[in-house]
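Welcome, and please open the model in your viewer. We will go from stop to stop, selecting a few residues at a time.

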Amino acid sequence: ISTKTAFLKAVFVEIKTRVMKIFAGTANKIKIDAIIEVAADYEFLSGAEVKGIDVSSGVANQPKNLAETVGGAKNRARAAFLAGDAHPGDLGIGLEDGLMAVPESRTGLMNIGICAVYDGRDFCLGASAAFEYPPAAIELVKKGMDINQAFHSLGLTDNPAVGSAQGAIGILTHCRWDRKETAKQALTAALIQMENKNLYGR
């Protein structure tokens, strides 16, 4: 067997046996656990190694519109992919919550979770269900607070980092829906395009 043939065979075996890696653009354990749980439901992601990487979103701590929120998710996914020294077949995932305008809602704004999945070439986007924060919280956000600070200031939580726990949605729904569920919804929606590539021209 020639040296070249042996080399190519070794490379082929390495590619076939290499474990897929998913690089999550966050240090938030709630988001990382959400990715692990969702990935386990998909054959093409099953067995993937999930690693959280603390990267910048490139947007404000409290995104105030949909474009900024989508941008934050994409920035996180791309930055995690690059920081993780990803190989072909690996993925970068970014999750970002932010506000979006909703006509005729009480405050004119709702929170939405956006997920971006990046494969090194293209993004797949997904979103969670949206919900509205109390008017008093929105007023504080307009004055410069993020939603964690607003909820803490209003006495709605003793945890100043509630976004790394059940989230504001966990407080508002009395734990019927929490921050992890928001992340899982958004990721599941983003994976629609990856699981049905033929329908999306991928």
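Strands here are DSSP runs of at least two residues marked E, helices are runs of at least four marked H or I, and both are numbered from the N terminus. Keep in mind that this is a predicted model.

**Stop 1: the loop between E3 and E4**

Select strand E3 (91-101) and strand E4 (109-118), then look at the loop between them, where you will find Glu104. Glu104 has a phi near 70°, a positive value in a residue that is not glycine. Most residues other than glycine have a negative phi. Is Glu104 buried or exposed? Glu104 is exposed, because its relative accessible area is 84% and the cut-off for exposed is over 50%.

Now pick Thr107, which sits in the loop between E3 and E4 as well. Thr107 is buried, with a relative accessible area of 18%. Its side chain reaches the backbone oxygen of Leu109 at 3.1 Å. Setting aside neighbours within four places in sequence, show Glu132, Tyr133, Pro135 and Ile138 to see what Thr107 is in contact with.

**Stop 2: Met20**

Move to the loop between helix H1 (3-17) and strand E1 (21-24), and select Met20. Met20 is buried, at a relative accessible area of 19%. Which residues is Met20 in contact with, leaving aside neighbours within four places in sequence? They are Phe44, Leu45, Ala48, Glu49, Gly89, Asp90 and Leu91.

**Stop 3: Thr157**

Next, select Thr157 in the loop between helix H5 (147-153) and H6. Thr157 is buried, with a relative accessible area of 11%. The side chain of Thr157 reaches the backbone nitrogen of Asn159 at 3.0 Å. Beyond neighbours within four places in sequence, Thr157 is in contact with Phe151, His152, Val162 and Ile171.

**Stop 4: on the way into H7**

Follow the chain to the loop between helix H6 (167-172) and H7, and click on Cys175. Cys175 has a positive phi of about 70°, although it is not a glycine. Cys175 is exposed, with a relative accessible area of 58%.

Then select Asp178, which caps the N-terminal end of H7. A side-chain oxygen of Asp178 lies 3.3 Å from the backbone nitrogen of Lys180.

**Stop 5: along H7**

How far apart are the end C-alpha atoms of H7? They are 24 Å apart, which agrees with the 24 Å that its 17 residues should span at 1.5 Å a residue.

Colour the buried residues of H7: Arg179, Lys180, Thr182, Ala183, Ala186, Leu187, Ala190, Leu191 and Met194. In an α-helix there are 3.6 residues a turn, so residues three or four places apart point the same way. Show helix H2 (29-39), E3, E4, strand E5 (123-127) and H6 to see what the buried residues of H7 pack against.

**Stop 6**

To finish, select Tyr200 in the segment after helix H7 (179-195). Tyr200 is partly exposed, with a relative accessible area of 44%.

Note on methods
Residues numbered from 1 in each chain as written. Predicted model: local features only at pLDDT ≥ 70, side-chain atom pairs only at ≥ 80, totals over all residues. Heavy atoms only, no water. Buried < 20%, exposed > 50% of the residue type's maximum accessible area, 1.4 Å probe, protein only. Expected span 1.5 Å × (residues − 1). Contact = heavy atoms within 4.5 Å. Polar contact = N/O pair within 3.5 Å; in protein donor to acceptor, adjacent residues only side chain to side chain.
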